[in-house]
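Subject: Structure for you to look at

Hello,

Here is the structure I said I would pass on. Please open it first, then read my notes below.

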Amino acid sequence: MGKYDIIIAGSGLGGLECAAILSKEGYNVCVLEKNVLFGGCLQTYIRKGHQFDTGIHYIGSLDEGQIMNQYFKYFGIMDKLNIKRLDTDSFDTIFYKDKIYNYAVGHDHFADTLAQSFPHERENLKAYTSILKDVSRLIDVDNLKKGSIAQNGMKYFYASATQMIADTVKDETLRSVLAATSMLYGGIKNSSTFYHHAMTNNSYIESPYRFVDGTMQIAERLIEVIRANGGTVLNNKEVTRLIVTDNQVTAAEVNNEEIFEADHFISNIHPKRTLEILEKSRYIKNAYISRINALPNSFGVFTTYLVMKPESQAYINSNYYVHGTDNVWYNDDSSRDKINNALLCFQCNSNSDYTDVISVLTPMYMSELKEWENTSVGKRGDDYIAFKKAYSNKVLEFLKGKGFDFSGKIESIYSTTPLSYRDYTGTPYGSAYGIVKDCKFPELGFISTKTKLKNLYFTGQNMNVHGALGVTLTSMFTCAEFVGQEYLAKKVGNA
């Protein structure tokens with residue numbers, strides 16, 4: 001086993017992007033992944049010939065000149081992705097209080113489309129999209145070309161998404177319609193930051209895309225880049241211990257037996273889990289460990305995968321957000337006995353006008369899975385299987401009550417709970433969106449990419465902002481520690 005320049009623990013999007021960037025810059029990198037499949041939340045798994053996407057269901061800002069397009073172009077994967085742009089007039093369709101509202105692509109088109117339902121709010125809708133653009137300018141391609149990854153957006157982290165929307169538009173129903181996709185960023189009423197709301201929504205308004213034949217292709221294309229640059233990417237290699245001598249990590253113990261040595265280590269594993277496998281060091285204070293452990297994690301997701309009978313369901317090129325109550329946010333005290341929110345995504349196949357899988361996502365907290373919290377994959381017992389089946393039936397009943405009746409079209413149903421996220425991606429509490437960022441104390445939720453050990457760094461969705469865009473920004477900040485921010489930003493900006 002030779003010594004590497006950099007070992008990266010975890011092959012989620014953040015780990016693979018760091019490996020792609022640093023291998024491009026001549027570093028000898030090695031990515032270690034505990035699972036059989038690479039990609040973390042990018043994983044696409046197959047059951048009886050059907051593909052199921054796990055974490056990313058659609059992605060934004062992929063048009064020419066937009067930020068994710070620029071990053072993927074720099075990585076060398078943009079032209080290798082099989083993607084489909086969602087409907088211009090209704091990439092997201094909101095079902096709220098038994099009415100339908102459409103999100104349209106492009107800021108003016110977005111405002112004009114909603115103004116058809118809320119003509120008295122036309123000017124306020126223009127103001128709302130203008131603020132979204134202001135936030136997105138903090139990280140745009142022009143910034144990169146000037147040598148900056150992101151400008152300071154702290155005022156938007158201190159602003160509540162709920163409050164900013166209320167300050168911008170007056171109509172109560174429109175406020176809810178604008179917050180109706182809050183599940184995309186783990187939206188919690190009066191806590192979620194406007195920064196997250198704006199970055200997420202703006203990205204899709206710029207250009208929303210769905211992956212044809214699965215999101216796993218991002219991971220596969222990045223791994224090709226890493227290997228072409230001489231890097232190593234290994235699966236079935238769980239980092240079980242980080243060995244510390246004085247104030248640096250000297251090696252990673254893998255699967256409790258193998259030793260991998262490197263000059264630097266980047267953890268794409270949740271900071272809480274990283275600290276659990278890190279040997280004790282006087283440089284990592286107990287107060288720091290306690291702070292990380294005390295940070296609340298966002299809610300998880302129960303996903304119901306509806307496998308449709310052949311040619312029974314036409315493919316629909318938009319997403320449906322279905323709300324059963326006036327409240328479009330999801331808080332820990334939300335009523336548990338019934339389902340009130342769901343997101344429907346239709347999987348896109350390259351060879352058919354029909355969809356074979358519909359993913360239905362509903363928020364779920366780990367507290368709903370208490371009796372199985374000490375179980376592992378495939379060993380949760382019959383009660384768990386019965387719970388999942390009953391829950392999926394509740395999801396179908398909820399949808400049916402809102403006009404989505406798939407009776408007679410479903411061939412089979414599969415489902416995953418936050419426990420699957422916890423066990424496959426190592427996320428505490430099966431959280432889908434990482435550590436909660438609370439607008440009242442945003443700095444509490446920030447974790448530096450640098451640690452007190454001189455060669456250990458963090459990356460991934462828990463640092464700053466989650467989602468494909470947030471993770472990509474964090475990867476840049478992590479890699480800037482090695483090659484310099486101005487140099488790296490300009491390199492990406494001019495790719």
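A nonpolar core is a set of buried Ala, Val, Leu, Ile, Met, Phe, Trp, Tyr and Cys residues joined through side-chain atoms within 4.5 Å. Buried here means under 20% relative accessible area. Please keep in mind that this is a predicted model.

The cores

The largest nonpolar core has 136 residues, and the members that touch the most others are F72, L344 and L399. The element that gives the most to this core is helix α15 (residues 467–483), with 9 residues. Apart from this core lies another, of 27 residues, including V239, A262, L278 and M463. In soluble globular proteins, nonpolar side chains tend to be buried together.

What does L399 contact, leaving aside its neighbours within four places in sequence? The residues are V322, A342, L344, V360, F404 and F406.

The sheet

There is an open sheet of 7 strands with mixed pairing, and its order is β7-β6-β14-β15-β16-β13-β17. At the edges are β7 (99–103) and β17 (410–416), each of which pairs on one side only. On average, neighbouring strands of the sheet are turned by 20° against each other, direction ignored.

Strand β13 (residues 300–308) and β17 run antiparallel and are joined by 6 bridges. As for T303, its bridge partner in β17 is T416.

Helix α13 (residues 382–401) packs on this sheet and touches β13, β14 (319–323), β15 (341–346), β16 (357–364) and β17. The direction of helix α13 makes about 100° with that of β16.

Regards

Notes:
Residues are numbered from 1 along each chain as its sequence is written. This is a predicted model: local features need pLDDT of at least 70, side-chain atom pairs count only at pLDDT 80 or more; totals for chains, interfaces and linings use all residues. Side-chain values use heavy atoms; hydrogens and water are left out. Buried means under 20% relative accessible area, exposed over 50%, partly exposed in between (1.4 Å probe, protein chains only). Helices (H or I, at least four residues) and strands (E, at least two) are DSSP runs, numbered from the N terminus. Contact means heavy atoms within 4.5 Å. Two strands pair if DSSP finds at least two bridges between them. Axes are lines fitted to C-alpha atoms, for helices over the stretch in contact, and angles run from 0 to 180 degrees between N-to-C directions.
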